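Hello,

Here is the structure I promised to pass on to you. Have a look at it first, and then read my notes below.

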Amino acid sequence: RNRVRMVASTSPLLEPIAASASSERHSGLGHVGARTIGAAGSFILCYNTLVGPGLLELPHTVQAAGWLPVLLALGVVCVISALSVTFFCDAIERYPAGRRFEYCDLFGHVWGKRAFRWVMLPFALCNLSQAITAIVATAQVTDQLLLFMFDRTYALQVFPRVRILSWTEEECQYFSHCTPFKAVPEAEMEVPTVLTLGYVLCALALAPLGSLSLDDNIKFQTFAFVVQL
């Protein structure tokens, strides 16, 4: 408790949490849930976040670019990631113990509020781009699954005009990599904006998980990890 007060007195960034740090330590609860994730849960969460969405597109990437460029790119990313994690772990060791923190808090602790704000913006944009990519890839795979199971999937076109579209197995014969609703009708010069059935099903299944804390989500992350294996 004294250590938390001492840190709060020297770092304005930590003042809002100084009053609640002692109660969090005794109850095991913080603003993001109880501290029950553990090492195994942390590994599963990182694996699903970094590897999960990429597995959906990796076979097509290897088929289009070849195995050697993909392998070299993965090797370079692996080295950069290992160095980044090493430096990140070193920074964590220098952070005050006794409470949970986020990635950008480390920059705020070392360089102050201005660094915290400048790092938060690109970090949030990076997470947003990763989330959008994962949502699109998952929705496309869900549409492909519907096409495989029922020979047809549907979408609501909202631009340039509102109508219901359908996609059948026969329409995939013109593409080496079948992605439902990928083609643009020849009669329309503008690229249509569609809301596919696969996207709607993904939203209905995954949106409720957004209201849960990270600790409560771990069991779903574990299930997804086992399915991937």
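**A buried glycine, and what surrounds it**

G108 is buried, with a relative accessible area of 3%; buried means under 20% relative accessible area, exposed over 50% and partly exposed in between, with a 1.4 Å probe and protein chains only. Before I go on, please keep in mind that this is a predicted model, in which local features need pLDDT of at least 70, side-chain atom pairs count only at pLDDT 80 or more, and totals for chains, interfaces and linings use all residues. Residues are numbered from 1 along each chain as its sequence is written, and side-chain values use heavy atoms, with hydrogens and water left out.

G108 has its place in helix 6. Helices here are DSSP runs of H or I with at least four residues, strands are runs of E with at least two, and both are numbered from the N terminus. Between the C-alpha atoms of G108 and M120, which are twelve residues apart along the chain, the separation is 9.7 Å.

**Two helix pairs**

Two packed helices are described by the angle between their axes and the distance between the axes. Axes are lines fitted to C-alpha atoms, for helices over the stretch in contact, and angles run from 0 to 180 degrees between N-to-C directions.

Helix 6 (residues 103-111) packs with helix 7 (residues 113-150) at an angle of about 155 degrees, and their axes are 7 Å apart. That makes helix 6 roughly antiparallel to helix 7 (angles over 145 degrees count as roughly antiparallel, under 35 as roughly parallel, 65 to 115 as roughly perpendicular and the rest as oblique). The crossing of helix 6 with helix 7 is right-handed; a crossing is right-handed if the near helix is turned clockwise from the far one by less than a right angle, and left-handed if anticlockwise. On the helix 6 side, the contact is made by Y103, C104, D105, F107, G108 and W111, and on the helix 7 side by K113, A115, F116, V119, M120 and F123. Contact means heavy atoms within 4.5 Å. By class, this contact of helix 6 with helix 7 holds nine nonpolar, one polar and two charged residues. Ala, Val, Leu, Ile, Met, Phe, Trp, Tyr, Cys and Pro count as nonpolar, Asp, Glu, Lys and Arg as charged, and the others, Gly among them, as polar.

Helix 3 (residues 38-50) and helix 9 (residues 214-228) pack at about 65 degrees, with axes 9 Å apart. Helix 3 passes helix 9 in a left-handed crossing. From helix 3, G41, F43, I44, L45, Y47 and N48 meet L214, I218, Q221, T222, A224, F225 and Q228 of helix 9. The contact of helix 3 with helix 9 divides into eight nonpolar, five polar and no charged residues.

Which residues stand opposite Q157? They are V194 in strand 5 and R163 in strand 4. A155 stands opposite T196 in strand 5, while L156 stands opposite I164 in strand 4.

**Either end of strand 3**

D151 is found in the loop between helix 7 and strand 3. D151 has a positive phi of about 65 degrees although it is not a glycine, and at 49% relative accessibility it counts as partly exposed.

A hairpin of three residues joins strand 3 to strand 4. P160 is found in the loop between these two strands, and a cis peptide bond with omega of about 5 degrees joins F159 and P160.

Enjoy exploring!

Technical notes: Pairing = 2+ DSSP bridges.
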